[in-house]
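User: I'd like to learn how to read aromatic contacts in a model. Can you take me through them, idea before example?

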Amino acid sequence: ERVLDEALRLVDEEGLQALTMRRLGKRLGVEGMSLYHHVDGKAGLRAGIVGLLWEEVDRSLEDGGDWKRTLRSLATRLRGLAVDHPQAFQLLMGTSSFAEPMLRALARGLAVLREAGFDDDRSARTLNTVVGYACGYAAMEVTLLATGVTALRAADQFDSLVQLAQALPPDTAPELVRVARDCCLCDMDQQFEFGLDALLAGLDPDCETLHTG
């Protein structure tokens, strides 16, 4: 646990490229080779970090009560991982293995949906839709921040407009400048909540317009 916790801190502070057995060993005060007694090399470190991230999600889930509240807590924490661990989040999106904490979190989500009256197929589709939305939104934020686009998070409207103006080509047509202003200068937190509200409403069994085929 200590090895993986320190590995996650290393990635948070220095990026994925810094994750080596030698550098991690130095931070822990041991020889890098000694870490092979605890983890299966660099691949084991990466898989372990993914497990830690999913444990954060599992701990945040709100069981019982309204199924929408449970799925909201799941989506919110998944997006929160990208904010808290933008470097490590790339591992979460790129892994092909199934971490046990991930399966536990998903199992809890499915259980809540079944208790709410969803059948097995609809439970899985509903959960996958919410997870996909949260991860996709979070991945977009990570990409924007990695490319230096911070206007979407700027608290001051003037600073946001300045950043937007710098990002646009000088000859951008006025009507397209307005499009950029209206669609790109949004509050990312409010936009996430708006989309999640709309998604959960559409997934409600009572929604008549939902396509189930």
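User: Is Tyr 137 buried or exposed?

Analyst: Buried means under 20% relative accessible area, exposed over 50%, and partly exposed in between (1.4 Å probe, protein chains only). Tyr 137 has a relative accessible area of 9%, so it is buried. Tyr 133, at 22%, counts as partly exposed. Keep in mind that this is a predicted model: local features need pLDDT of at least 70, side-chain atom pairs count only at pLDDT 80 or more, and totals for chains, interfaces and linings use all residues. Numbering runs from 1 along each chain as its sequence is written, and side-chain values use heavy atoms, leaving out hydrogens and water.

User: Where do Tyr 133 and Tyr 137 lie?

Analyst: An α-helix has 3.6 residues a turn, so residues three or four places apart point the same way. Here both tyrosines lie in helix H7, four residues apart, about one turn; helices are DSSP runs (H or I, at least four residues), numbered from the N terminus.

User: Which residues do ring pairs link into a cluster with Tyr 133 and Tyr 137?

Analyst: Rings of Phe, Tyr and Trp (its six-membered ring) pair if their centres lie within 6.5 Å; planes under 30 degrees apart are stacked, over 60 edge-to-face, the rest tilted. Ring pairs link Tyr 133, Tyr 137 and Phe 192 into a cluster. The charged end of Arg 79 also sits over the Phe 192 ring, 5.0 Å from its centre; that label needs NZ of Lys or CZ of Arg within 6 Å of the ring centre and within 35 degrees of the ring normal.

Technical notes: Helix = DSSP H or I, 4+ residues; strand = E, 2+ residues; numbered from the N terminus.
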